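Visitor: I'm new here. Could you show me around and tell me how you know what you say?

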Amino acid sequence: MNRQIVQLFGLIVVLFGVLVAFTSYWSVFEAEALKGKQANKRPLLEQQQIERGRILAADGTVLARSVPKGRGDALRYVRRYPQGALYGHPIGYSFVREGDSEFEKFHNGELVGEGSEFGSILDELQGKTQEGNDIVTNIDPEAQAAALVGLEAAGFGAVVGIEPSSGRVRVLASNPPYDPNRVPEELTELNENELEAPLLDRATQGRYPPGSTFKVVAAAAGLDSGAIDLETTIDAPGTIDVQGQPVSNGGGVSYGPIGLDTALTNSVNTWFAQLGEQIGADTLFEYMDAFGFGSTPAIDLPDEQVYVSGVFDENELLGRGDPVDVARIAFGQERLLVTPLQMAEVTAAIANGGSLMRPQIWSRVVDPDGRVTEKLDPTRYSQPIDEQTAAELTAAMEGVVEEGTGTPAAIPGVAVAGKTGTAETPFNESCGGGSEENQAWFVGFAPADDPEIAIAATVECTTAFGSEIAAPIFRAVAEAILEGE
Amino acid sequence: MRSAARNRELVALIPVALLLSAGFAAVFAEENARLGNLSLIYGAYFLAVCLATHVYLRLRLPNADPYLFPLVALLTAFGLVMVYRIDADLARDQANWFVLGLLLFALTIHFLREYDVLERYRYTIAAAGILLLLAPRLPGIGQQVNGAYLGVKIGPLAFQPAEFAKICIVVFLASYLREHREVLIVGARRVLGVTLPPLKHLGPLLVVWGASMFMLVFIRDLGSSLMFFAAFLALLYVATGRFSFVVIGIGMFLVGAWFFAETVPHVHDRIAIWLDPYQDPANTGYQILNSIFAQADGGLFGQGFGQALITIPGTDDALLPAAQTDTIYSLIVNEVGLFGGCAVVLIYLLIAARGFKIALLADDGFSKLLATGLTAVFAIQAFVIIGGVTRVIPLTGVTLPFISYGGSSIVANCVLLALLLLISDRARREAAASGRGSLAMGTA
């Protein structure tokens, strides 16, 4: 019988080996996937027992904090947002049942004080409980408030403001806003409100036709690729024929042979359509990619809440080699769809000598003892154009604000560079289907000679032009930033 | 020889003492505001009981295997720390159950020194085992838990008879197979290329199969049914060496289980939940899913003693249902990680190794089969519940021996341990007496 006993023991060894294998599978190999399961409330319940760190504005204003509820075993922390709707975007929310979003979601690890597994063992041996870190953001409260006030007077839309030299995001506002404090009671209604879509962060998730603001991208590509220089003139009649359909200037004005400065100042469509054909689709796409089109912006928000900008066929992103109407892309039509964040990045790159910095909302992480444990180290995302092209473009964009379509953006005593945009969006169902609806834009930076802020402002479903409705918002936000400096 | 084995046992108890002190100290440090300094008293009390048992073994079974008792004490200490961490009152009960278990352990050793007498009463013991299994369905004393009939309550005394029945059944099978193994082997006939046992000796074996099916249907206890039948097949194989018997047995069990899974809703549900727990994660799948989620949270090293969430904070709703019994292994993995879980599995494996070693050393057929059967049923019980909470097999309400909270489980397994040590003491004494070669083997 001894042989059978040894065999039986062998079987038991195998069976126990299976137990170890399954335990390893659940506790290590599959652990991350299990923590992400909808049915798994454990990670959120555990986090609820940790005092989540605060989120602060650049000046120390508290944007989010945790308050204790209950005692002993029942102790848990609940999130509060003292500034209400003003920072619903981009801070987001974090609740046990409703989950989390935006900045709260992206920076969850730092906010709950997640460390390495070995680090937490050391903490445990020392009897430390896990504590969350505070995060200080780059958001400027004055400018954020100015943006939201401006938007609320103008209509639904968004404003993004970036410090060009560092990529620090100073403003990120989306109208209509929502109050994150009300998410536990109202999440269903907020989600079901498709007309206003208050949970949609229009700054990063709103995809709009860019209109004439895209002309700065075409101009950048033209100058930087050598297709044109400042001396080059192109004849710009009132109407030209592109692929069997007419392209006209505003008011049908004919300009004759003009250079870039005049064409940008007066936003001349027929000039840019011909520029587009000169550059060619491949080169234009190359420059668009370098500016960040075609990929998810590298901002510190969850990927699913940051949309890609580019030329779309239905929902499919087009690129080099796809059949597109490059002439119409060059002045901002065709199937171009862009987010306010993407246009702010384009503007910031031009303002920063052609160097595009990675846009970041966070500035530093502060541990519970008040020590700064991490600090934003600004990094370059790309260099789409050289310094000379950037300087030439800046000069042309100054002309837009001084004497062209962008005069309402002018700030007394400060040189401002910018570009207006008005994309016609008639019969748009989300605007109520009216025939006069526009997507109004203004992109720009100030001061033009030493830029502190680059801003993209847009208003959807408006009968007004970019110069009338978006440029004043730009001005208010830029003034708030410059006054605060 | 005498003192050598017991000295090894005494040395092996040292890590138990260390683990217990460290574990209680950890929980104590974590929750001292709530628990006061009782924990240290518990630790001292437990160690004193272990030392008393050791002294008793020194006097009564000087040659018995030196590692089994320390391994069991280790499991119990681990279980006590985990249960203590869930509820201090439950841990006090558990400690008292362990003392009662050791009293029965001592009585078993005292009265069953010549354990061959069990052979004489094998049919009485078998009848007692079946009566125990039936008891939960008897009107007045039976109790239904989660759709299964597992408990019996007579006046103030409540217990789970399946824990005791498993010993009775193993004793009967060991005795029956010792007598009939020759005829089962010799009388076997090849029919259509398959070796079948002789028909006239098949009866009692069919009874065991029937009893397992009966448990499945009437007691609705999938786990015990699986455990009993697996132990039966293990013994049948060891006794006859016929692998075909095992194949036939597994086939019969699967056919029966499949039939009842189709017809008995409780069994059907358990299997459906096992196959797809996400079907209804808030209700039927809640326990197994949260068992796995708790393990996922443990990682390699776990969250530390006393750190796991067992109820939803601010409420009495369970986050890990039956944490002190069915899912205690998941709690262990949550708090001490994959390493802790592996350590527990390893301890069971070491106990199985020592148990089978006793069977190898034993001289006579009954001792060999009894030691094999007791070890197998113990190891399979651990497999059934750990496999249940890790989704290797359907989750059933079997206890994790010596770790789970529960008086019946602790007491019954103490008796099981006593029987193994009795067999060991005799085997090693005889081995020592029969020469140096055997001596070397016996102390290996």
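Guide: Happy to. Keep in mind that this is a predicted model. Let's begin with A:Ala440, which has 31 other C-beta atoms within 10 Å.

Visitor: What makes A:Ala440 buried?

Guide: The cut-off for buried is 20 or more other C-beta atoms within 10 Å. A:Ala440 has 31, so it counts as buried.

Visitor: Where is A:Ala440 found, and what is it in contact with?

Guide: Look at strand E21 of chain A, residues 438–446: A:Ala440 is found there. Leaving aside neighbours within four places in sequence, its contacts include A:Thr422, A:Val459, A:Phe465 and A:Ile469. A:Glu468 is 28 residues away from A:Ala440 in sequence, yet their C-alpha atoms are 8.6 Å apart in space.

Visitor: How do you know that helix H13 of chain A is mostly covered?

Guide: Count along residues 269–279: nine of the 11 are buried. Among them are A:Trp271, A:Phe272, A:Leu275 and A:Ile279. After H13(A) comes A:Gly280, with a positive phi near 90 degrees. For chain A as a whole, 51% of the 485 residues count as buried.

Visitor: What makes up the secondary structure of chain A?

Guide: Chain A has 19 helices and 22 strands. Some of those strands form an open sheet of six, in the order E3-E2-E1-E6-E17-E18, with mixed pairing.

Visitor: Why are E3 and E18 of chain A said to stand at the edges?

Guide: Strand E3 (76–80) and strand E18 (372–375) each have a single partner strand, so one side of each has no neighbour in the sheet.

Visitor: How do you know that E2 and E3 of chain A pair?

Guide: Pairing takes at least two bridges between two strands. Strand E2 (residues 62–69) of chain A has five bridges to E3(A), so the two pair, and they run antiparallel.

Visitor: What makes E13 and E15 of chain A a pair?

Guide: Two bridges join strand E13 (residues 310–313) to E15(A), and the cut-off is at least two, so they pair as well. These strands run antiparallel. In E15(A), A:Leu336 is the bridge partner of A:Val311. Both strands belong to an open sheet of three, ordered E14-E13-E15. Its edge strands are E14 (316–318) and E15 (336–337), each pairing on one side only.

Visitor: Which residues touch the most other members of the largest nonpolar core?

Guide: That core has 153 residues, and the ones touching the most other members are B:Val170, B:Ala231, B:Leu235, B:Leu370 and B:Leu420. Helix H13 of chain B (residues 328–361) supplies the largest share, 17 residues. There is also a second, separate core of 117 residues, which includes A:Ile55, A:Val160, A:Leu341 and A:Leu393.

Visitor: And B:Leu370, what does it touch?

Guide: Not counting residues up to four places away in sequence, B:Leu370 touches B:Val170, B:Val171, B:Ala174, B:Leu419 and B:Ile423.

Visitor: How many residues does the contact take from chain A and from chain B?

Guide: Chain A puts in 38 residues and chain B 48. On the side of chain A that touches chain B, helix H1 of chain A gives the most, with 18 residues. By class, that side of chain A has 20 nonpolar, 10 polar and eight charged residues.

Methods
Residues numbered from 1 in each chain as written. Chains lettered and ligands numbered in written order. Predicted model: local features only at pLDDT ≥ 70, side-chain atom pairs only at ≥ 80, totals over all residues. Core = buried A, V, L, I, M, F, W, Y, C linked by C-beta atoms within 7 Å. Buried ≥ 20, exposed ≤ 12 C-beta atoms within 10 Å, placed from the backbone. Helix = DSSP H or I, 4+ residues; strand = E, 2+ residues; numbered from the N terminus. Contact = placed C-beta atoms within 7 Å. Nonpolar A, V, L, I, M, F, W, Y, C, P; charged D, E, K, R; others polar.
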